[in-house]
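Hi,

Here is the structure I promised to pass on to you.

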Amino acid sequence: MPHHYEGADLSMWHRAFWPVKLLVVGSSIWAVTGAVLMLAFQSTTLDNLANYIFAITAMLVAILTMSRTIQTGNRSTQLYGALGLACLGLGNLYQLVLHLTGLALFYLNVGHFSQMCCYLFFLAALTSLQRQSTTLLRWQNRILNLTAAMATLLSAYAVITNNENAMRLASTLLDTAGLIAAISLLHEQSRNRYGLVMLLLFALDATNKYLVWQPSQVVIFAASPLLYVLMALTLLDLEHAGTAASGDDGSGSGPSGTAASGNDGSGSGPSASSGFNPGSMARCPLKAGAGRG
Amino acid sequence: MVSEVWVNLIKLLQSHIPGFVLAVLIPVLFLLFMIKDENARRVLGYFSWGVFSVFFAFMINSYFQDSVIQASRLSQDIAPIVEETLKALPLLLFLIRPPERRSLILYCAMASGIGFSIQETLYYFVSQASNRPDWLRWLPVLVRTMTTCLMHGMNTAVIGFGLMITLEHKQLRIPMLSGLLALAAVIHSLYNVLINTRLAILALLMPAILYFLGLLLTAEPEPASQLIPESPPANPAPDQSSSSS
């Protein structure tokens with residue numbers, strides 16, 4: 001039993017690609033050193049470095065998960081998660097490009113819109129992982145959909161009119177919806193690890209928004225790349241969780257051989273096969289706040 | 001507000017846009033009514049919508065143009081959201097009447113985006129490139145056709161792709177479509193930002209990358225039967241060496 005360790009399930013780590021492992025190690029080191037350095041020294045150079053690391057990690061994670069999605073041909077949970085990561089990565093890249101080109105960052109821009117709306121993909125991913133179809137869950141999903149629509153409209157309005165309050169409200173709505181969706185996934189065996197990561201991300205994002213305490217913001221910002229990588233790790237590992245789940249409940253397998261039931265419980269149709277699952281992501285908490293002045 | 005709408009409408013009528021729209025739209029409509037194939041009609045119909053939606057885009061962008069403090073905000077932040085929404089709006093009709101072939105949604109979405117971009121290219125050509133006296137005045141149009149047109153088409157196709165894969169999942173439609181709208185808007189905006197900087201080459205490459213990514217994502221997975229090596233014949237011919245021995 002070479003991969004069995006008492007007290008810790010490291011199977012996810014062993015199954016991960018080496019680039020993901022590399023990213024986990026690198027972002028872990030950065031999470032500690034970056035937080036310490038940024039707390040110790042108030043430096044613009046350090047802040048810029050943190051922003052670059054943040055944006056580059058987000059893009060790398062997005063590319064890794066999207067390439068894996070294309071390889072497996074998954075059209076469900078994994079794709080939703082990968083799209084969310086891509087949306088977030090592009091949003092961060094957008095901010096970085098604005099920063100590099102010296103364009104003004106004092107207005108809400110499309111990058112913020114993208115960072116906000118990546119949560120919609122994570123909501124879709126969480127919803128698609130629900131295996132049960134109870135009345136309560138159906139109502140919950142309807143409310144989440146309504147919230148998602150409102151948040152999208154609000155954030156589009158916020159960007160067009162440069163209205164920070166509207167953006168804040170949209171963010172709060174999405175955080176709440178995400179927390180509810182993540183909590184409802186915790187009791188699902190083999191998917192609760194993903195639910196936990198999502199819960200952590202939504203909670204940290206909400207905390208960062210309302211807790212105006214600089215040290216905590218710095219620590220969360222430094223840890224954000226690690227959170228992204230964790231999200232990708234759990235997303236890619238859901239491929240295996242999905243396979244295991246299909247063996248449990250007998251739901252059909254998808255083109256890639258992974259399986260899980262559809263969000264509506266039907267599990268039918270070419271796109272109904274869900275492989276694994278997704279990752280969610282915290283939008284760049286500190287950066288978004290900084291961008292809004 | 002009503003007066004602003006009237007002012008913008010007059011501005012629209014005084015521009016080249018109505019002429020371009022009618023020049024493309026009327027012949028296409030003749031063709032549209034002639035064609036009997038339902039799928040081809042739909043694709044052409046969405047193309048026509050793309051051509052026509054330039055009217056609305058012009059009106060809405062003009063409305064916000066006066067209110068923004070920073071001029072670049074219009075092309076970077078407002079126009080991408082407005083234009084991507086307008087181009088993708090009629091795709092919602094597929095929710096009422098789903099097509100037999102799902103891929104039709106993707107083609108229609110791309111047709112809408114390309115219809116829009118043709119008008120935009122014509123508008124830019126007349127307002128900017130056509131003033132150049134040299135014989136290379138068509139060059140900017142060529143570059144724009146290969147980049148901006150593809151970008152518009154692919155951005156709408158991205159939203160169409162989302163609709164395609166969530167057609168049977170009612171509970172996923174809203175978050176997926178909204179998220180893809182944001183994704184399309186940020187790609188559009190990133191293109192607009194980069195094209196005016198030293199990183200313009202990245203902007204020119206983006207649509208091509210997106211196009212090939214789209215081809216990969218929409219490629220059908222290889223059937224499992226083709227992955228399994230052919231089974232050996234039931235009665236294999238005896239090995240030459242063994243038979244000789």
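First, the ground rules. This is a predicted model, in which local features need pLDDT of at least 70 and side-chain atom pairs count only at pLDDT 80 or more, while totals for chains, interfaces and linings use all residues. Residues are numbered from 1 along each chain as its sequence is written, chains are lettered from A and ligands numbered from 1 in the order in which they are written, and side-chain values use heavy atoms, with hydrogens and water left out.

Chain B has eleven helices and zero strands (DSSP runs numbered from the N terminus: helices are H or I with at least four residues, strands E with at least two). Of its 245 residues, 47% are buried (under 20% relative accessible area; exposed is over 50% and partly exposed in between, with a 1.4 Å probe and protein chains only). Among contacts in chain B with a separation of 6 or more, 73% join residues 24 or more positions apart (a contact means heavy atoms within 4.5 Å).

Within chain B, α7(B) (residues 139–165) packs on α9(B) (residues 200–218) at about 40°, with the axes 8 Å apart (axes are lines fitted to C-alpha atoms, for helices over the stretch in contact, and angles run from 0 to 180 degrees between N-to-C directions). The two are therefore oblique (under 35 degrees is roughly parallel, over 145 roughly antiparallel, 65 to 115 roughly perpendicular, and the rest oblique). Residues of α7(B) in this contact include B:Leu150 and B:Phe161, and those of α9(B) include B:Tyr211 and B:Gly214. By class, the contact has eleven nonpolar, four polar and no charged residues (Ala, Val, Leu, Ile, Met, Phe, Trp, Tyr, Cys and Pro are nonpolar, Asp, Glu, Lys and Arg charged, and the others, Gly among them, polar).

Between the chains, α6(A) (residues 135–161) packs against α4(B) (residues 72–88) at about 155°, with axes 9 Å apart, and the pair is therefore roughly antiparallel. Here A:Ala156, A:Val159, A:Ile160 and A:Thr161 meet B:Arg73, B:Asp77, B:Ile78 and B:Ile81.

In chain A, the buried residues of α2(A) include A:Trp30 and A:Met38. A:Leu85 sits in α4(A), residues 77–101, and counts as buried because its relative accessibility is 2%. Its C-alpha atom is 18 Å from that of A:Ala222, 137 residues apart along the chain.

Best wishes
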